[in-house]
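Hi everyone, thanks for coming.

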Amino acid sequence: MTTAREAGLVACRRCGQVEVISAPHCQRCGSALQSRDERSLQKVWAWLIAGMIVYIPANLYPMLITRSLGHTSDSTIFGGVVELVELGSYDIAFVVFFASVVIPIGKFIAIIYLAISVQRRSILNMHQRHKLYEVIEFIGRWSMIDVFVVAILSALVQLDSIATINPGIAAVSFALSVLFTMLAAQSFDPRLIWDASRNTE
Amino acid sequence: MSDPQRAADMDVRKSRGGLSWVWIVPVIALIASLSVAWQNYSQRGTLIDIIFQSASGVRAGETVLRFRDVEVGTVEKVAFDEGLTDVIVSVRVDNEVAPYLDDDAQFWVVQPDVSLRGVTGLETVLSGVFIEGTWDGSTDVAQTEFYGMDSAPLTTLDQLGTAITLRTRDGSALSKGAPILHRGIRVGTLETPRLSANGENVIVDGFVDFPYDRILTTATRFWDTSGFSLSLGAGGVELDVNSIASLIEGGVAFDTVVSGGERVSQGYVFDIFEDEEIARNSVFVNPNTPTVEIAVLFDDSVSGLTKGSEVRFQGIRIGQVADLSAIINEMDGEADVQLQAILSLETNRIGMDADTTEEEALQFLADYVENGLRARLSTANILSGALIVELIEEENATPATLDIDLEPYPIIPTADAAIADVAETAEEVLARIERLPIEELLQGAIDLMASIERLANDESVRDVPEELASLLKETRALVASEDVQGIPPDIRDAIGDFDGLVQSFVAAELATQLTDALTVTTEAASNISDGTENLSEISVALEDLLTKVNALELAALVTEATSTLDSIDTLIESDETQALPASLNETLADARAVLVEAERFLASEDLQALPSDLRTTVTDLNAILAQIQAAELVLKLDDAITSAAAAADSIETASADLPAITAELQSLAEKANALKVEELIDEATQTLASIDALLGADGVDELPENLNLSLAELRGILSDLRTGGAVENLNSALSSASGAAEALEDATVDLPDLIARANALVRESREVVESYSSRSRFGAEALTTLQGIQDAADAISALARTIQRNPSSLIRGR
């Protein structure tokens, strides 16, 4: 399998235009052209670590602050899931759990796996890893559902003393976490996966 | 491998050494997260543990701790201690207040509470329970472990007032939260009662709020107001109930009866007395008087003697029984159970100073015992059998001593109790009551009742009401009879006649005549007035005369007069003279009769006819005068007058000589003055005296009396008239007339309408008739008829107007 780089070419990542490897800019869309992003891994790690750091307060601090008739209750993400389970709403609990816990953590693990495998120049499962990368890219934005729900609830439920819902620190943290992991996934250059097989030959 | 490939590889590897700017992001994220965490950690307060018996409604993370209704912390954890005996509530307290949480901090769970004192903690119904804490504003050694209270303390630490301690023997009337009352208003609250350390008393803390605590002095007395008191006395049954709250919860009241007490400090101990009376009386007993305690041993039963029973000496209270117990007394190797009463004697009541020491007091008693002082039981109340201890001086007592060093108490010897005979007397009384013939008494009562019943059942007695009823019926019929009903109209008629009479008087113009008479009188008076002007001259002459009279020998005159009076007296005293007034009276009666006849004569027709005769005479005279006039008499009269005037002139000239005449008259008067007036006066005096005597006679006195009697009769007649209700009848008649007038007035209001309607009817009728035929006979007749109706209507209208204008005319018939 011949790569573009071996053929002395470089593809624009945005529009797919193929240029000679020495071209600095895409002739079609004007974006910068790089045969390989040399700092890809650095960026991946940086964004990933930032995302993981902010994911900690997102889970420790309350996501929603509900005040109802003078009665205040704070609920964290996991606390909310447990509460929903106790109330018998398993389906909603599953959705929340999946969107707020499984996906972010899955993304962390997947990105770490991809980054390490590239660093070690692993030649295993290169096709699967590429597919995994695309799945992560696609699914990342859906984690924002949580944040949207909190934003909508906070905007709608402002009935003064009867019932009020305010976002907690966790909402911001979670939003940042999702953002950072999305950036991490975007920073990853999937072409590096395939370079390993070339170098080991 | 080609060059471009290598070059590209070189590029990648080369650039891997440099650091991307993206690394700033995780660093910032880390710093931000750590700073948030640190901020949270540094702001979290101190964790304290509060131990509760139960923590109902307390939830971790939700229940808050409040201090003066401000949130100062949140419950973090609710757990049990080892052995599950208590609940440990861990509360995260704000750092601001944590230093103040020292020994005096109190915590309790606020829950909704409905009690007699009101509803509290309502806010917790919605928000859930919370923990309330109270502590003072001083920072002592801060603690982290506290014991929570079951319920809110009744007083907070910073509340103004005085905390006191109350002591009583019976705590059944006291409960937590019971009120402390002062003259019926709540001024404080009791805490939970508890037993004293030795178990003898019940002690309860109380708190009297500011400013009422200023009333508290050492002379203040507390008493129990719980429940109600029922007392039966000479004034009847007296039921005394305080507020419902104190009835159920109990409570104490206090009052400071006498002044002079000192202000009490916090925690001062007061005793609670059984009732107000005892409390007030106790004021006069200084609770701090020094006492001396001695024991007395009784062999007999002391049933009826209690703690607090009085100890009396010659009828005066000198102390009380402090304690009662049974002791085993070993005497001569033989165990004997005796009853020991500890007497607490107030030394100042047995005549000792306040400075007297206990030893001195005991020594005094010991001396007294050697002289025969003994203690004995005595009855205080025959009915209740209550006993007191009495100290008496027994003569010829068996010698005994008071060992003042005996422990624990010196023992005073006893004398025989003075209670046995009381029981005997009571028995005797009962026996006497038993002997009373109660059976016979009851039988007699039953017989009496039976005879009363027989009497009541008697038919004649039963008939009485019926007869009364029939009598009343007859009376009613009488009243309702036409004759009786007809009386008022008759009276009204009579009044009508009277009214007519008065009218006729008015018509006769009596007033005018009277006015004329008065005019004549006035003229006469003015004549008299003119006459009096000459009096001054005469009075001058009289003065002279009187001067001469004064010069007379009056004394002799008086003597003579006196003698004359005496003779007149004797004369008058004679029967004939006495009879004179009677005959005078008769004469007067005759005179009256004559007057009556004269009156009758005057009223006679002949006399009445006289004026008419006179008139005819006058008419004749008039005719004569006319004839005279015709005969030119006036001219002749004129001549006569002229000659008369000439005569008058001659008189005037003659009057010039008048002063001379006057002088002669004066000389004449002087001569008269020179006359022997004395004799004349003597005679006059005599005459006057006899007249005086005559007037002083009995019969003359009777004259006014007769007159008085006549007047009294007249008055009686008048008052009869008045009491006869003539005036009232008149009034009622007038008011009914007025009512009738009003009714008429009302009726006349409707009359215009009626007339208008009649008019309308006539108009319509006329139209109808005209529509028929004006020439037809029927029509003409109808027309005249209608015309007549219209006339009648007009007449009614006129009548109505008249009545409206003057309603009374209907009554008067005009």
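The buried residues of α6 in chain B are covered by, among others, β20 (291-298), β24 (373-379) and β26 (411-412) of chain B; contact here means that two C-beta atoms, placed from the backbone, lie within 7 Å. A quick word on what you are looking at: this is a predicted model, where local features need pLDDT of at least 70 and side-chain atom pairs count only at pLDDT 80 or more, while totals for chains, interfaces and linings use all residues. Residues are numbered from 1 along each chain as its sequence is written, and chains are lettered from A and ligands numbered from 1 in the order in which they are written.

Back to our helix. α6(B) spans residues 358-370, which is 13 residues, and its first and last C-alpha atoms are 19 Å apart, close to the 18 Å expected at 1.5 Å a residue; that expectation is 1.5 Å times one less than the number of residues. Helices (H or I, at least four residues) and strands (E, at least two) are DSSP runs, numbered from the N terminus.

Which residues of α6(B) are buried? They are Ala361(B), Leu362(B), Leu365(B) and Val369(B). Buried means 20 or more other C-beta atoms within 10 Å of the residue's own, exposed means 12 or fewer, and partly exposed is in between, with C-beta atoms placed from the backbone. Looking down the axis of α6(B), the buried residues fall within an arc of 95 degrees, so they line one face of the helix; the arc is taken from the directions from the helix axis to the C-beta atoms. On the face turned away from that buried side sit the exposed residues Glu359(B) and Asp367(B). After α6(B) comes Gly372(B), with a positive phi near 115 degrees.

Now over to chain A. It has 7 helices and 6 strands, and 33% of its 201 residues are buried.

How is β6(A) paired? Strand β3 (residues 64-68) runs antiparallel to β6 (residues 163-167), joined by 5 bridges, and Leu64(A) stands opposite Pro167(A). β5 (residues 158-159) is also antiparallel to β6(A), through 2 bridges, with Gln158(A) partnered by Thr164(A). Strands count as paired if DSSP finds at least two bridges between them.
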